[in-house]
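Subject: A structure for you, with some notes

Hello,

I am passing a structure on to you, together with some notes on what turned up in it. Please have it open while you read.

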Amino acid sequence: MTAETQTELTTVYQVKGMTCGHCEGAVSAEISEIAGVSSATAVAATGLVTVVSSAPLDEEAVRAAVDEAGYELVGLA
């Protein structure tokens, strides 16, 4: 499959506890390590994390990554 034909999914999650740029970086870095994730962008001001992936993600994997970063996954935004 070439990159041109591969579709990417964008999913937005609500995360509780982020307050600054360091928080954003920690959450983004942990979620980016999940297999299939091409990007993760956290915004502390809104508490939202936008994740682009090649396939639907297991919410428990996302929850574990957010927990590892020290924050709480509320769920889909």
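A word on terms to begin with: a residue is called buried when its relative accessible area is under 20%, exposed when it is over 50%, and partly exposed in between, using a 1.4 Å probe and protein chains only. The model is a predicted one, so local features need pLDDT of at least 70 and side-chain atom pairs count only at pLDDT 80 or more, whereas totals for chains, interfaces and linings use all residues. Residues are numbered from 1 along each chain as its sequence is written, and side-chain values use heavy atoms, with hydrogens and water left out.

Let me start with the cysteines. How many disulfides does a search of the whole structure find? The search comes back with 0, where a disulfide is a pair of cysteine sulfur atoms within 2.5 Å. For C20, the closest cysteine sulfur is that of C23, and at 3.4 Å this is too far for a bond. C23 is likewise in no disulfide, with the sulfur of C20 as its nearest, 3.4 Å away. Are these residues buried or exposed? C20 is partly exposed, at 33% relative accessible area, while C23 counts as buried, at 5%.

Next, the two helices. Helices here are DSSP runs of H or I with at least four residues, strands are runs of E with at least two, and both are numbered from the N terminus. Two packed helices are described by the angle between their axes and the distance between the axes. Helix α1 covers residues 21–32 and helix α2 covers residues 59–69; their axes come within 8 Å and cross at roughly 140 degrees. Those axes are lines fitted to C-alpha atoms over the stretch in contact, and angles run from 0 to 180 degrees between N-to-C directions. The pair α1 and α2 is therefore oblique, since angles under 35 degrees count as roughly parallel, over 145 as roughly antiparallel, 65 to 115 as roughly perpendicular and the rest as oblique.

Which residues meet where α1 and α2 come together? From α1 there are A26, V27, E30 and I31, and from α2 there are V62, A65, V66, E68 and A69, with contact meaning heavy atoms within 4.5 Å. By class, this contact has 7 nonpolar, no polar and 2 charged residues. In that count, Ala, Val, Leu, Ile, Met, Phe, Trp, Tyr, Cys and Pro are nonpolar, Asp, Glu, Lys and Arg are charged, and the others, Gly among them, are polar.

V62, in helix α2, deserves a look of its own. V62 is buried, with a relative accessible area of 0%. Leaving aside residues up to four places away in sequence, V62 touches Y13, I31, I34, L57 and L73.

Now to the strands and a loop. L9 belongs to strand β1, residues 9–16, and is partly exposed at 34% relative accessibility. Beyond residues up to four places away in sequence, L9 touches V51, V52, S53, A55 and P56. A55 sits in the loop between β3 (48–53) and α2 and is partly exposed at 36%. In strand β4, residues 72–76, you will find V74.
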